[in-house]
Amino acid sequence: MAKYLLLKHYRGGPKQMPNAERPMDEWTPQEVTDHIAFMDRMADDLRERGEWVSGAALSPEGTFVRYDGEGRPPVTDGPFAETKDVVAGWMVIDMDTLEQAHEAAAHLSSAPGPGGRPLQEWIEVRPFLGNPPTVTE
């Protein structure tokens, strides 16, 4: 089995998500409850099959930070979430094949959003690296 990271994005991907135009803070309380219940059921299903590793929802606030040289303070981009792709949450799953990871991501993409319609949001699937390659001269 191999581990995969499923990244849920507030926005981003190859093109806009058909049913994800409104941010979650504009959804009704019932729409939020239904979405979270779907996510919990998916996690429970993955746990039952031994494919769940971990996951969490993330706040839309975030800051990019980088090293700027010895003795200098870190450089940040500021709290401007609207200027970058923002990760909404993540799941780590353990699957036998990449195809199974894609199927799990597609199911995750069907989580309900406004009006109970599937969000059809883009889910980024990233395999974890195995052992680094051996370099020989």
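Guide: A residue is termed buried when its relative accessible area is under 20%, and exposed when that area is over 50%. The model discussed here is predicted.

Visitor: Which residues of H2 are buried?

Guide: In H2, the residues that fall under the 20% cut-off are Ala101, Ala104, Ala105, Leu108 and Ser109.

Visitor: What makes Glu99 and Glu103 exposed, and where on H2 are they?

Guide: Exposed requires a relative accessible area over 50%; Glu99 and Glu103 belong to this class, and they sit on the face of H2 turned away from its buried side.

Visitor: What covers the buried residues of H2?

Guide: The cover includes helix H1 (29-48) together with strands S1 (2-9), S5 (87-95) and S6 (123-127).

Visitor: How do you know that the span of H2 agrees with its number of residues?

Guide: Helix H2 (residues 98-109) has 12 residues, which at 1.5 Å a residue should span 16 Å; the end C-alpha atoms are 16 Å apart, so the two values agree.

Visitor: What is the order of elements in the protein chain?

Guide: From the N terminus, the order is β-α-β-β-β-β-α-β, with two helices and six strands in the chain. Of its 137 residues, 31% are buried.

Conventions:
Residues are numbered from 1 along each chain as its sequence is written. This is a predicted model: local features need pLDDT of at least 70, side-chain atom pairs count only at pLDDT 80 or more; totals for chains, interfaces and linings use all residues. Side-chain values use heavy atoms; hydrogens and water are left out. Helices (H or I, at least four residues) and strands (E, at least two) are DSSP runs, numbered from the N terminus. The expected span of a helix is 1.5 Å times one less than its number of residues. Buried means under 20% relative accessible area, exposed over 50%, partly exposed in between (1.4 Å probe, protein chains only). Contact means heavy atoms within 4.5 Å.
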